[in-house]
Amino acid sequence: MGSRSLLVLTLLVLLCVEPGFGQRGDVDLGEWMRAQEKLTQDLQENQRRVETHQQDLEALEARLNATVDQLTGQKADMDQLKEENEDLQTRLNASEMEIDELKQSGGKAAPHIAFSASLSNSGEIYSGPCTDKSLIFKRVFSNTGDAYDHNTGIFTAPVGGSYFFSFSTYGYNTHVMGAMLMKNGLLQISTHESPTADGSDSSSNAAVLRLAAGDRVHVELWDNGRVFDNLNGHTTFCGFLLFPM
Ligand SMILES: *[C@@H]1O[C@H](CO)[C@@H](O)[C@H](O)[C@H]1NC(C)=O
Ligand SMILES: *[C@@H]1O[C@H](CO)[C@@H](O)[C@H](O)[C@H]1NC(C)=O
């Protein structure tokens, strides 16, 4: 049913329930109907505008959604880049540290060389007097780089550089107590106690030696010398690379 026929129907109903309605002098029925019609048209026009606005709003929302999607994607990309950047930073820092270490060692990476041993690996040992006066330190605490040979007692420098050595000797007053630190068969430093009445003696010594690759260092008894050791580790020998050269 059109809006116009609805209006007519309404008027007819009014005329029935209120006789004299159409005859009222203060109401121009024609004018009133035209106004109602105008009002209806205005309402319809407004509704069309509202619908258009609604479509516009939906289009805007779709664009907004698309923008939000784009931003979300960009944020994910940014997060990934940030992660990659942190990763690179960590690796860069590690590389910088390595470069610093290399610079400090004069361009050569320092190999890890260090050993420490005592004479006896079981029971008691009296070494010397004997013809082969080399002391063979059998109880090895550490031997990083395998430069010390526990079968011969000889340390062989794997690379040229400055090395630190220390040894300690212990013994009783029956013999000369002490030993010599030898580099390629030549005495460098020593410990020495003549036989005296005081029972037992202990002494130690240390040196920094400059070695070429292949140089040999070991500890050797004096002629007629004797040292003692047991698992208490009285007679010891150790050394390590300070820096390569
Ligand atoms: C925009 O996104 C919201 C939330 O995800 C959703 O409810 C809405 O339907 C979307 N609008 C359009 C036009 O795609
Ligand atoms: C890298 O080093 C810089 C400067 O020393 C420091 O600020 C940064 O936190 C380090 N980054 C990482 C990931 O270690």
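In what order do the five strands of the open sheet run, and what is the pairing? The order is E3-E1-E12-E6-E9, and the pairing is antiparallel. Strands here are DSSP runs of E with at least two residues, helices are runs of H or I with at least four, and both are numbered from the N terminus. Two strands count as paired if DSSP finds at least two bridges between them.

Before you click on, some housekeeping. This is a predicted model, where local features need pLDDT of at least 70 and side-chain atom pairs count only at pLDDT 80 or more, while totals for chains, interfaces and linings use all residues. Residues are numbered from 1 along each chain as its sequence is written, chains are lettered from A and ligands numbered from 1 in the order in which they are written, and side-chain values use heavy atoms, with hydrogens and water left out.

Now pick out E1 (residues 114-118) and E12 (residues 236-244). They pair in the antiparallel sense over five bridges. Click on Ser118 and look across to E12: its bridge partner there is Thr236.

**Stop three: charged pairs**

Side chains of opposite charge can pair when their charged atoms come close. The rule used here asks for a side-chain nitrogen of Lys or Arg within 4 Å of a carboxyl oxygen of Asp or Glu, and the count comes to six salt bridges.

Start in helix H2 (residues 29-104) with Glu45 and Arg48. Their side chains meet in a salt bridge, 2.8 Å from N to O. The two are about one helical turn apart because they sit three residues from each other in H2. Glu45 is partly exposed at 30%, and so is Arg48 at 48%.

Next, select Lys133, in the loop between E2 and E3. Lys133 is buried, with a relative accessible area of 18%. Which residues can you look for around it? One is Glu220, whose salt bridge with Lys133 has its closest N and O atoms 3.9 Å apart. Glu220 lies in strand E10 (residues 216-221), so this pair ties together parts that are 87 residues apart in sequence. Another is Asp223, with a closest N to O distance of 2.7 Å to Lys133 in their salt bridge. Asp223 sits in the loop between E10 and E11, 90 residues from Lys133, and counts as exposed at 57%.

**Stop four: ligand 1**

Show ligand 1 and the residues around it: Glu61, Ala62 and Asn65. To make that list, a residue needs a heavy atom within 4 Å of the molecule. A nitrogen atom of ligand 1 is 3.2 Å from an N or O atom in the side chain of Glu61. On the Asn65 side chain, an N or O atom is 2.4 Å from an oxygen atom of ligand 1.

**Stop five: loops**

Most residues other than glycine have a negative phi, and most peptide bonds are trans. Go to the bond from Gly128 to Pro129: this one is cis, with omega near -10 degrees. Pro129 lies in the loop between E2 and E3.

Then find Asn184, in the loop between E7 and E8. Its phi is positive, near 50 degrees. Finish at Asn224, in the loop between E10 and E11. Asn224 isn't a glycine, yet has a positive phi of about 65 degrees, and at 49% relative accessible area is partly exposed.

Key
Buried < 20%, exposed > 50% of the residue type's maximum accessible area, 1.4 Å probe, protein only. Polar contact = N/O pair within 3.5 Å; in protein donor to acceptor, adjacent residues only side chain to side chain.
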